[in-house]
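User: I want to learn how to read a fold from its coordinates. Can we go feature by feature?

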Amino acid sequence: MTFDLLIRNGTLPDGRKADIGIRGETIAAIEPKLEAEAGRVINATGNLVSPPFVDPHFHMDATLSYGIPRINASGTLLEGIALWGELKKVMTFEEVRDRALAYCDWAVSMGLLAIRSHVDTCDDRLLGVEALLEVKKTVAPYIDLQLVAFPQDGFYRSPTARENTIRALDMGVDVVGGIPHFERTMEDGRRSVTELCEIAAERGLMVDMHCDETDDPLSRHIEQLAYETQRLGLQGRVAGSHLTSMHSMDNYYVSKLLPLIAEARVSAIPNPLINIMLQGRHDTFPKRRGLTRVKEMQALGIRVGWGQDCVLDPWYSLGTADMLDVAFMGLHVAQMSSPADMAKCFDMVTTVNTSIMGLDHLGLAVGKRASLVVLDAGDAIEAVRLRPERLAVIARGKVVAERTQQDTRLSIAGRPKTVNRRHRAG
Ligand SMILES: [Zn+2]
């Protein structure tokens, strides 16, 4: 047998050890031991080999704009939205495109090979939409970029948002977005969910709404989203992003709500870095965490994937394009500390997000696209703990990023010469 690329003796996320043979852009074989020749061999002994990281919730039109034209002084969601309004007036097509491309370089270096980005459709120039459609084409050889038409200032609240959102979909944006909790009234929010889901049903598109990103326990647009999903036959194609109000909702109401979400097969995308940073800002103490009910949804079979949301933008002053940072924070805030839950947090930034985005061509299986990552960690839980370097990133069968494993040299008498913080139980 011959392969173009052979990854030897890696540890897969499920614990199996395997060789992975790649021909062209496709995974051709996964076996405990492949007797084969290859154009190039990567020795992954002792290292985790994983499907690519996937971010199902991002804002690529705003990324890397931190400090332009000023920083968010209060740190609240609402000041972030106001600041974005100021930035939109001064930004150019080239700036948006170049910042997005720079971010994609970071993403590739971290093995993040599929991203769903919301793009603001309230600006009459649709400059962000044009820039990200170009970026999508440019990065297609290494990143699956899915775009969501996002009427960020409100589908009804912003005077031209409705018309511009439809224009953006006509231009080729993939997914229908919304922001019902930001409309003027609960009733307008409810109507926006209905109309946007109808637009998606007519066009055969997926839906992903910023939904109930608030601490208000009476913000219940997720109920309408589940209802419209059921009514319009959109099961499996709809996601509710954030759902932070669910943190504060009455428990009896949630006991009715969660089965409705499960029945409609609506996915949930919490964004733990941003939720823990922005929610509870109006509280004194006790201060709410504001993360949605992750384990409770998973217990009912609802798909829940961690999203990143922001890197260096009007809402968040940090961020690294590392989905393991996101999993790490989510694990803590949702208290997912059992071994099974910690491993699940890794799956939530890889395979679960892949399935939420409908990217059936990705995954560690024969016949799938050869996009994968070799990490400096022994297994999935250790990867979440260490958030380690990506030693090799392979996209469509090509090595697109790599770095050498580097342990720290120690100069302490009687102690080992190097240390890398990896740990073998026992
Ligand atoms: Zn968002």
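Analyst: Start with strand pairing. This is a predicted model. Seven bridges link β7 to strand β8 (residues 144–150), and the two run parallel.

User: Which residue in β8 is the bridge partner of Ile 115?

Analyst: Leu 145 is the partner of Ile 115. Next, follow the chain between the strands. From β7 the path goes through helix α3 (residues 127–139) to β8. This β-α-β crossover is right-handed.

User: Which other strand is joined to β7, and by how many bridges?

Analyst: Strand β6 (residues 53–58) is joined to β7 by four bridges, again with the strands parallel. There, Phe 53 stands opposite Leu 112 of β7.

User: How many residues of strand β7 are buried?

Analyst: Burial is a neighbour count: 20 or more other C-beta atoms within 10 Å makes a residue buried. In β7 (residues 112–120), nine of the nine residues are buried, so the strand is largely enclosed by the rest of the structure. Across the chain, 53% of the 426 residues count as buried.

User: What does the secondary structure of the chain come to?

Analyst: The chain has 13 helices and 17 strands. Along the principal axes, the C-alpha atoms fill a box of roughly 65 × 45 × 45 Å.

User: What share of the contacts between residues at least 6 apart join residues at least 24 apart?

Analyst: That share is 74%.

User: Now the backbone. Which peptide bonds are cis?

Analyst: Most peptide bonds are trans. Two cis cases are worth a look. The bond from Ile 68 to Pro 69 is cis, with omega near -10°. Pro 69 sits in the loop between β6 and α1 (77–90). The bond from Phe 285 to Pro 286 is also cis, with omega near -5°. Pro 286 is in the loop between α8 (272–278) and α9 (294–299).

User: And phi? Where is Ala 321, with its phi near 65°?

Analyst: Most residues other than glycine have a negative phi. Ala 321 has a positive one. Ala 321 lies in the loop between α9 and α10 (323–333). Arg 421 also has phi near 65°, in the segment after β17 (418–419).

Methods
Residues are numbered from 1 along each chain as its sequence is written. This is a predicted model: local features need pLDDT of at least 70, side-chain atom pairs count only at pLDDT 80 or more; totals for chains, interfaces and linings use all residues. A residue is buried if 20 or more other C-beta atoms lie within 10 Å of its own, exposed if 12 or fewer, and partly exposed in between; C-beta atoms are placed from the backbone. Two residues are in contact if their C-beta atoms, placed from the backbone, lie within 7 Å. Two strands pair if DSSP finds at least two bridges between them. A crossover is right-handed if, with the strands pointing away from the viewer, the path from the first strand over the helix to the second runs clockwise.
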